[in-house]
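Take a look at the chain below.

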Amino acid sequence: MESRVLTGGATAIRGGLPLLRKPAAVMKFTTAASCGSNRDFPAGAVTAKPVGPLIAGPNLIWGRQLRPAILLEASPKRESIKPCSAAASSSAGSSDSSGEAKVGFFNKATLTTGFFFFMWYFLNVIFNILNKKIYNYFPYPYFVSVIHLAVGVVYCLVSWTVGLPKRAPIDSTQLKLLTPVAFCHALGHVTSNVSFAAVAVSFTHTIKALEPFFNAAASQFILGQQIPLALWLSLAPVVLGVSMASLTELSFNWLGFTSAMISNISFTYRSIYSKKAMTDMDSTNVYAYISIIALIFCLPPAIFIEGPKLLQYGFNDAIAKVGLTKFVTDLFWVGMFYHLYNQVATNTLERVAPLTHAVGNVLKRVFVIGFSIVIFGNKISTQTGIGTCIAIAGVAIYSFIKAKMEEEKRQKKAA
């Protein structure tokens, strides 16, 4: 802790103890335990009490502004300064640490991050349900992928126009950095939709449950971050549980399987390089630029692969089944929910590590599967319930190990 003495006279700092040169008022060092109030200081911290007349201005600053209690001015006796700064610093440090621990899990940062995770899950569940309903009468994933991104781009342009948020300028260096991220985003998005359209939602989520392993491998071999064996092992029940929960609606299809695997790899690279791209720009503007660039990547395959079919009978069949109003409304809202859930996911990634983000993404799939079962009226099997419990337990084990490791690192750094 930095110690400084601000008085009318000169000050010398030796061995962590302030030496006062003939002060107008002699300062008595005591502990917070001996004071009448410890509102500003933790137990054991050094405080100061003036003995004799109080001079104008602050007498002593010890890390923060003091508000000492005024003793009787009639006491002319000079008090000696007790050499307890080292012990006080140690006690104050431990008290500060315990003060942080007292805040516990329910502090502002944790609650804010929890809110981001909740909104991410909520918006993603709505998107998946509405997206699957659209594919039941309009099975054109390339075109729907373009709609997802197009609605998001319009949303970003309107937000920039009104200044919420203010558009961040982009230079050639940032453009080069974001272009591969946008390509991975576009590839992962399109292949995910191809898989969703080709097979059951549960099967796609089963394959995509492997994403944490891809993230862990990429974090260690690309970013150079050492992933401990304990964290690797804690991911096993997460993936196993989600797989068990997804097997209820299993319907194997090579197109769906291959597309989901490509999506895993693409989103892994997107997450890692998006983390790097956030150093000079906020996450909201990062995702806005990624959406614009990704839309450019998605347009050619949609036009060449599905364009002729859509013009011949695709649009007409969809309108005949649900009507023009519902068709347009469904496309608009599925695009809006897609953009919002990805925006929140990007904001969440900014607050946590890529691997933590990946584990949260796996747990999100449990919620998606569970709500889809309720919405579409599927029966919940015993295997689904057991798998969900295993996945949640795996996430809890991972969180405990990660928190313990971070605490040990913090204590070593403090020591």
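A residue counts as buried under 20% relative accessible area, as exposed over 50%, and as partly exposed in between. Trp333 has a relative accessible area of 40%, so Trp333 is partly exposed. Keep in mind that this is a predicted model.

Now to the rings. A pair of aromatic rings is described by the distance of the centres and the angle of the planes. The count here comes to 21 aromatic pairs. Take Phe138 and Phe315: their centres are 6.1 Å apart, with 20 degrees between the planes, and the pair is stacked. This pair links distant parts of the chain. Phe138 sits in the loop between α2 and α3, while Phe315 belongs to helix α9, 177 residues apart. Phe138 has 0% relative accessibility, so it counts as buried. Phe315 is at 24%, so it counts as partly exposed.

Compare Phe332 and Trp333. Their ring centres lie 5.2 Å apart and their planes meet at 70 degrees, so this pair is edge-to-face. Phe332 is at 37% relative accessibility and therefore counts as partly exposed.

Phe138 and Phe315 also share one aromatic cluster with Tyr137, Tyr140, Phe143 and Phe327.

Next comes the core. The largest nonpolar core has 67 residues. Which of them touch the most other members? They are Trp120, Ile134, Phe138 and Phe143. Several helices each supply at least two residues of this core, among them α2, α3, α10 and α12. The largest share, 12 residues, comes from α9.

Finally, look at Ile134. Leaving out residues up to four places away in sequence, Ile134 touches Val144, Asp330, Leu331 and Val334.

Notes
Residues are numbered from 1 along each chain as its sequence is written. This is a predicted model: local features need pLDDT of at least 70, side-chain atom pairs count only at pLDDT 80 or more; totals for chains, interfaces and linings use all residues. Side-chain values use heavy atoms; hydrogens and water are left out. Rings of Phe, Tyr and Trp (its six-membered ring) pair if their centres lie within 6.5 Å; planes under 30 degrees apart count as stacked, over 60 as edge-to-face and the rest as tilted. Helices (H or I, at least four residues) and strands (E, at least two) are DSSP runs, numbered from the N terminus. Buried means under 20% relative accessible area, exposed over 50%, partly exposed in between (1.4 Å probe, protein chains only). A nonpolar core is a set of buried Ala, Val, Leu, Ile, Met, Phe, Trp, Tyr and Cys residues joined through side-chain atoms within 4.5 Å. Contact means heavy atoms within 4.5 Å.
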